[in-house]
Amino acid sequence: MSDPVLRLAGIEKAYNPGKPNEVHVLRGVDLTVARGEVVALVAPSGAGKSTLLHIAGLLDAPDKGSVEIGGEAMQGRSDRRRTATRRSKVGFVYQFHHLLPEFSALENVMLPQLANGISRRAAKTRAQELLTSVGIAERADHRPAALSGGEQQRVAFCRAMANAPRLLLADEPTGNLDPKTSDRVFDALMALVRETGLSALIATHNLELAARMDRQLKMDQGQLSEL
Ligand SMILES: Nc1ncnc2c1ncn2[C@@H]1O[C@H](COP(=O)(O)OP(=O)(O)OP(=O)(O)O)[C@@H](O)[C@H]1O
């Protein structure tokens, strides 16, 4: 069997350790996401899902435990190596799109590719293909402020996919949209994920959306269990 795309084992994380205001957020989290698998992470606010997503996406390091992405163990790697792995293997989508306001939709999808050393021409072609696949090719030249919330979030998906990651991490990716738009935008995301055979860990409060994923996990008392 091939290596899982994400493997977390024995992850512990506390903020302000040893101080009176210590918050022990993750208490032995084990999680494996197989190739092509889409996993829902359901957690009440403050349970630690952003902390977990940041550790899985190499934006933060655990106090204890191991993180493996695409079979590559990240423990003891330099910051440079972690950044390179994050850029090439992980895509992020947040609740709010965080698109760069002074750039067009197309440019927002090109930028991570340029940062990864892809040529302008190739980056533009890929960005156009991605925007077409989520149905907003004709909005490519609009800046984020000239797009609807659902369109902005579609652009954010395309940006997350721009470098053909192995793993997509999403934190309430449709959380700021009305229910109908959220459904449609989630459909676009899932179509893109399925088409590319990507693995994903998607945090959501929405149990209907969670039910459409392959597996549902809940976070409670710093640990994960089946929902
Ligand atoms: N930098 C920090 N310093 C101290 N405490 C923190 C820090 N970041 C997060 N926390 C605390 O850790 C706990 C988990 O935070 P986290 O952001 O992971 O939760 P969450 O599940 O993503 O919540 P939400 O759904 O509200 O975004 C919370 O109690 C939070 O207050």
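**Exercise 1. In this predicted model, find how many bridges join β4 to β5 and which way the two strands run.**

Solution. Start with the pair itself: β4 and β5 run antiparallel, and two bridges join them. Next, look for a residue pair: Glu68 has Ala73 in β5 as its bridge partner.

**Exercise 2. Work out the order of the four strands in the open sheet, and say which strands stand at the edges.**

- Step 1: β1 (residues 6-15) pairs with β4 (residues 64-69) over five bridges, in the antiparallel sense. Two places to check are Leu6, whose bridge partner in β4 is Ile69, and Ala9, whose partner in β4 is Ser66.
- Step 2: β1 also pairs with β2, again antiparallel, over eight bridges. Here you can find Arg7 opposite Thr32 in β2.
- Step 3: β4 is joined to β5 by two bridges.

Put together, the order is β2-β1-β4-β5, with antiparallel pairing. β2 (23-33) and β5 (72-73) are the edge strands: each has a single partner, so one side of each is left without a neighbour in the sheet.

Now look for the helix that packs on this sheet. Helix α1 (residues 49-56) touches β1, β2 and β4, and its direction makes about 125 degrees with that of β1.

**Exercise 3. Which element gives the largest share of the shell around the ligand?**

Solution. First, list the surroundings: the ligand is surrounded by Tyr15, Asn16, Val23, Val25, Ala43, Ser45, Gly46, Ala47, Gly48, Lys49, Ser50 and Thr51. The largest share, three residues, comes from α1.

**Exercise 4. Find which residues have the most contacts inside the largest nonpolar core, and then explore the surroundings of one of them.**

Solution. Now pick Leu201. Leaving aside neighbours within four places in sequence, Leu201 is in contact with Leu6, Val33, Val39, Leu41, Leu53, Ala56 and Leu169.

**Exercise 5. Is Arg86 buried, exposed or partly exposed?**

Solution. Begin by locating the residue: Arg86 is found in helix α2 (residues 79-89). Then count its neighbours: there are 19 C-beta neighbours inside 10 Å. Being buried takes 20 or more, and being exposed takes 12 or fewer, so Arg86 counts as partly exposed. Not counting residues up to four places away in sequence, Arg86 touches Gly57 and Leu58. For a distance check, Gly18 is 68 residues from Arg86 in sequence and 30 Å from it in space, C-alpha to C-alpha.

Key
Residues are numbered from 1 along each chain as its sequence is written. This is a predicted model: local features need pLDDT of at least 70, side-chain atom pairs count only at pLDDT 80 or more; totals for chains, interfaces and linings use all residues. Two strands pair if DSSP finds at least two bridges between them. Two residues are in contact if their C-beta atoms, placed from the backbone, lie within 7 Å. Axes are lines fitted to C-alpha atoms, for helices over the stretch in contact, and angles run from 0 to 180 degrees between N-to-C directions. A residue is near a molecule or strand if its C-beta atom, placed from the backbone, lies within 6 Å of it. A nonpolar core is a set of buried Ala, Val, Leu, Ile, Met, Phe, Trp, Tyr and Cys residues joined through C-beta atoms within 7 Å.
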